[in-house]
Amino acid sequence: MHLYITESSARPGMQITAEAEREYWLSRQKAAVKAPAEIDVHAFHDALGLMFPLNWSTSDNGVWETFMLQEMVCGDVTEIYARCGARYFRLRDVCNLSHAQIKTRIKEGFNPEQK
């Protein structure tokens, strides 16, 4: 099978190199990252029921719970969900974040222990 390409998606004058392609995909991955946002309990449980969760963790006597979707958005970026007590959050970040790092990201934007 031969693939004949008649049109390039590269910007004019851009050299097509492995480094340029790597930079392109890293910029796409960076653009896919989203800050934490508060969601409702239904969105949290809907996501939990989509597929078997990745890196499902709990801590602080069950006060905190986090999990990720196995499906990636772009590169290593996936949807991440967290619960703190009766508050629920969603963010989009790399799939190698630890439970503690997810908690820290949420605490930076919210004070989840109060409400």
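What percentage of the 115 residues of the protein chain count as buried? The share is 32%, where buried means a relative accessible area under 20%, exposed means over 50%, and partly exposed lies in between, with a 1.4 Å probe and protein chains only. This is a predicted model, in which local features need pLDDT of at least 70 and side-chain atom pairs count only at pLDDT 80 or more, while totals for chains, interfaces and linings use all residues. Residues are numbered from 1 along each chain as its sequence is written, and side-chain values use heavy atoms, with hydrogens and water left out.

## The chain as a whole

The protein chain has three helices and five strands, and from the N terminus on these elements follow the order α-β-α-β-β-β-β-α. Helices (H or I, at least four residues) and strands (E, at least two) are DSSP runs, numbered from the N terminus. Among the contacts in the protein chain with a separation of 6 or more, 43% join residues 24 or more positions apart; contact here means heavy atoms within 4.5 Å. The accessible surface of the protein chain is about 8,100 Å², and carbon and sulfur atoms hold 52% of that surface, as computed by the Shrake-Rupley method with a 1.4 Å probe, where for residues only the protein chains shown count as cover.

## The three helices

Helix 1 covers residues 18–32, and its 15 residues should span 21 Å at 1.5 Å a residue, which agrees with the 21 Å between its end C-alpha atoms; the expected span is 1.5 Å times one less than the number of residues. Ala 20, Gln 29 and Ala 32 are buried in helix 1, and the elements that cover the buried residues of helix 1 include strand 1 (34–39), strand 3 (64–74), strand 4 and strand 5.

In helix 2, the buried residues are Phe 44, Ala 47 and Leu 48. Seen down the axis, these buried residues of helix 2 fall within an arc of 105°, so they line one face of the helix; the arc is that of the directions from the helix axis to the C-beta atoms. His 42 and Asp 46, by contrast, are exposed on the other side of helix 2. The cover over the buried residues of helix 2 includes strand 1, strand 2 (54–59), strand 3, strand 4 and strand 5.

In helix 3, the buried residues include His 99, Ile 102, Lys 103 and Ile 106. These residues cover an arc of only 100° around the axis, which puts them on the same side of helix 3. The buried residues of helix 3 pack against strand 1, strand 2, strand 3, strand 4 and strand 5.

## Two nonpolar cores

A nonpolar core is a set of buried Ala, Val, Leu, Ile, Met, Phe, Trp, Tyr and Cys residues joined through side-chain atoms within 4.5 Å. The largest such core has 14 residues, of which Ile 80, Ala 82, Leu 97, Ile 102 and Ile 106 touch the most other members. Strand 3, strand 4, strand 5 and helix 3 (99–109) each supply at least two residues of this core, and strand 4 gives the most, with four residues. A second, separate core of eight residues includes Phe 44, Ala 47, Leu 48 and Leu 69.

## Aromatic residues

The structure holds five aromatic pairs. Rings of Phe, Tyr and Trp (its six-membered ring) pair if their centres lie within 6.5 Å, and planes under 30 degrees apart count as stacked, over 60 as edge-to-face and the rest as tilted.

Phe 44, Phe 67, Tyr 81 and Tyr 88 form one aromatic cluster. Of these residues, Tyr 81 is found in strand 4 (residues 77–84) and is buried, with a relative accessible area of 6%. Leaving aside neighbours within four places in sequence, Tyr 81 is in contact with residues including Ile 39, Ala 43, Phe 44, Phe 67 and Arg 90. Tyr 81 and Ala 43 are 38 residues apart in sequence and 9.4 Å apart in space, C-alpha to C-alpha.
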